[in-house]
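We will walk through it together, one group of residues at a time.

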Amino acid sequence: MITKRFFFKHVTVLGIAFLAFSFTACREQSEEEKLVEEMKEEGAEIKTKVDGDETKIKMETDDKEVKIKTEDGETKIKVETDDN
């Protein structure tokens with residue numbers, strides 16, 4: 001027979017796990033994350049270069065090129081299309 005203490009202990013643990021998952025799943029994406037996801041969906045070739053505290057991401061499709069540079073907490077994003 002399941003005791004009340006056993007039942008409530010497990011319900012509490014499951015509740016906390018559910019809340020933790022909910023908060024991390026609903027987190028807003030940054031502009032950088034949105035661009036990376038968009039370019040992945042478009043089948044872009046993605047290159048990443050890390051040098052110390054500097055990170056460069058270059059993503060390229062047939063008609064679009066995106067460069068993201070992060071250094072000292074600042075992010076610069078450059079988007080070029082064939083229309084430019």
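This is a predicted model: local features need pLDDT of at least 70, side-chain atom pairs count only at pLDDT 80 or more; totals for chains, interfaces and linings use all residues.

Glu65 is buried, because its relative accessible area is 17% and the cut-off for buried is under 20%.

Now step back to the whole protein. Its secondary structure consists of two helices and four strands, and along the sequence these follow the pattern α-α-β-β-β-β. Of the 84 residues, 14% count as buried.

Where do the nonpolar residues of the largest core come from? Eight residues make up this core: Leu35, Val36, Met39, Ala44, Ile57, Met59, Val66 and Ile68. Helix H2, strand S2 (54-60) and strand S3 (64-71) each give two or more residues to it, and H2 provides the largest share, with three. In soluble globular proteins, nonpolar side chains tend to be buried together.

The salt bridges are worth a tour of their own, as the structure holds eight of them. In one, the side chains of Glu38 and Lys64 meet at 2.6 Å, N to O. This pair ties together distant parts of the chain, since Glu38 sits in helix H2 and Lys64 in strand S3, 26 residues apart. Lys64 counts as buried because its relative accessibility is 16%, whereas Glu38, at 30%, is partly exposed.

Another salt bridge joins the side chains of Glu54 and Lys69 (3.8 Å, N to O). Here too the link is between distant parts of the chain: Glu54 belongs to strand S2 and Lys69 to strand S3, 15 residues apart. Glu54 is buried at 16% relative accessibility, while Lys69 is partly exposed, with a relative accessible area of 30%. Both residues also belong to a network of salt bridges that links Glu54, Lys56, Lys69 and Glu71.

Strand S2 also holds Lys58, which is partly exposed at 34% relative accessibility. The C-alpha atoms of Lys58 and Lys47 are separated by 5.2 Å, although the two residues are eleven apart along the chain.

Finally, look at the surface, where a patch of negative charge gathers Glu37, Glu41, Glu42, Glu60, Asp62, Asp63, Asp82 and Asp83. Glu37 lies in helix H2 (residues 31-41) and counts as partly exposed, at 37% relative accessibility.

Technical notes:
Residues are numbered from 1 along each chain as its sequence is written. Side-chain values use heavy atoms; hydrogens and water are left out. Patches are made of residues with over 30% relative accessible area and no salt bridge: like charges are joined within 9 Å, nonpolar side chains (Val, Leu, Ile, Met, Phe, Trp, Tyr) within 5 Å. Accessible areas come from the Shrake-Rupley method with a 1.4 Å probe; for residues, only the protein chains shown count as cover. A salt bridge is a side-chain nitrogen of Lys or Arg within 4 Å of a carboxyl oxygen of Asp or Glu. Lys and Arg count as positive and Asp and Glu as negative; His and the chain ends are not counted. The place of a charge is taken as NZ of Lys, CZ of Arg, CG of Asp or CD of Glu. Buried means under 20% relative accessible area, exposed over 50%, partly exposed in between (1.4 Å probe, protein chains only). A nonpolar core is a set of buried Ala, Val, Leu, Ile, Met, Phe, Trp, Tyr and Cys residues joined through side-chain atoms within 4.5 Å.
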